[in-house]
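Dear colleague,

Please find the structure below for your records. My notes on it follow directly after.

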Amino acid sequence: MRSKKLLLGIVATFATVSIFFSITNNTKKDQNYKARTIFDQIHAQGINGAIQWLNMMKYNPETGTISIKDVLMARQEMTRFAQQSMNKNLGINWIEMGPDNVAGRVRAFLIDKNNSNKFYVGGVGGGLWISNTTGNTWNRVTTISDNIAISAIAQSPSGVIYVGTGEGLAQPSATSFNTGQIGNGMYKSTDGINFTPIAATVPTFTSYDDNVDWCIINRIACSPNSERVWVATNKGLKYSDNAGDSWTIAKQNTGSNTINLSGYGSDIKIAPDGKVLYSQLVSSGAGKVGRLYMSSDGDANNFTQKTNGTILPSTMGRIEIAVSPNNANYIYLSCATTGGGLFNIYQSSNGGETYRVVGPGGSPNLNIFGPNNQGWYDNVIAVFPNNPNKIIVGGIDAWIGEQISPSMPFSWSQKSLWYADDDISEDNDIFYVHADHHVYQFHPTNPNTVFMGTDGGLCKSIDGGNTFIQLNRGLNITQF
């Protein structure tokens, strides 16, 4: 009897275990099957869900919007409170617990012109970071607050480093949702270590205007043959010839008069021959419409508009600019629609006088900004230094376009995938890079090495964008 009971117990146990493993395996298969659907759902929602959630945390409950006035008033209150509490230190010391290998959004990256082993990275979640080991280790620059969004970095020919704060380009068109952080003007350094505020750019809060000057800096560019520095701000294109002591707004020359370029600046690039290209966003009934201007001789009062409906369409959205570093005649534009899809990618081979389409918008085979149309948010383009007919363009993922022969259109291939796994990589030669790309920079002496700033920090490719490695160890700028 005991033997029968024992046997029945063993059989029952075996059956139970078998059923368990069968259910578990089926569940795992079911989960793996659904994983792609989950990825698709996340991909379709994109950054919008996060922006809405963050917006809900920060907005004024009475107006339902984030008011710059409210933020600036809160900062003043915080400063007064800190001053009153200076003698009430509780003796609490904080130690960072990590993670030390998961970074956050990077819109600003710089390789020191005097030392190609020294890198600078700005986190929009806060802080400027420096690496003296080509990105293998990182340390925070303590002379800039660690809770100010770093949005732009540039270096003058003499070595002065300029840093811009305040993240724009984080608000979907025709919405009030915005995950960007208001800045505190510009900083500069002559030694690359000690950064000080540029007094003329510190926002003045006395008027409590919701459009305070210098609250947002989207791009900085330094002229190659002078110490002039250009800045694309929330109140237009500014420039300085005295290291930031004073600033002047650039002007469009219409032929009969000049007009201040006072729109919302989104990008500025300078060609090797000194021509300056600038894009801005202006509000319209269709959303935020992009405008492109060029000063062919670098004269700050001699910009002409190219998005006039003849040279380029006047109906596109955000415009990102790239210029070949070795051939000033080759200029590229990555243009989103006002809704964030791909409008077109354009090439000029005559210094920006005329353009042709090399990446057609609306093609299912060139879906750079994803099904959720994020061209208003993640939009970046760069030209390969050793080939003016080859570009890398990013949105959700990275794509490379190249003209194979003069009589042929550009050939396009996707080079990164934000949810790639080993199987996908082996089958399609597409490798993982974190989603949402914002800045690309080629190494100054190696045209096959390109660095990429994304929502997941910094990575690099040493084979021209075919494979990638992460450079996030110690880059503690995670955005939870």
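In this predicted model, the charged end of K390 lies over the ring of F384, 4.5 Å from the ring centre. A charge is taken to sit over a ring if NZ of Lys or CZ of Arg is within 6 Å of the ring centre and within 35 degrees of the ring normal. The charged end of R107 is likewise placed over the ring of Y377, 5.2 Å from its centre.

As to conventions, residues are numbered from 1 along each chain as its sequence is written.

Aromatic rings

Rings of Phe, Tyr and Trp (its six-membered ring) pair if their centres lie within 6.5 Å; planes under 30 degrees apart count as stacked, over 60 as edge-to-face and the rest as tilted. The count by this rule is 13 aromatic pairs. Because the planes of W376 and Y377 stand at 50 degrees, with ring centres 5.4 Å apart, this pair is tilted. W376 counts as buried at 10% relative accessibility, and Y377 does so at 0%; buried means under 20% relative accessible area, exposed over 50% and partly exposed in between (1.4 Å probe, protein chains only). One aromatic cluster is made up of F109, F119 and F451.

Sheet

Strands are DSSP runs (E, at least two residues), numbered from the N terminus, and two strands pair if DSSP finds at least two bridges between them. An open sheet of four strands runs in the order β5-β6-β7-β8, with antiparallel pairing. Its edge strands, each pairing on one side only, are β5 (150-155) and β8 (196-197). Four bridges join β6 (residues 161-165) to β7 (residues 186-189) in the antiparallel sense, and G164 has M186 in β7 as its bridge partner.

Cysteines

Zero disulfides were found in a search of the whole structure, a disulfide being a pair of cysteine sulfur atoms within 2.5 Å. C222 is buried, with a relative accessible area of 14%, and C459 is buried at 1%.

Yours sincerely

Conventions:
Predicted model: local features only at pLDDT ≥ 70, side-chain atom pairs only at ≥ 80, totals over all residues. Heavy atoms only, no water.
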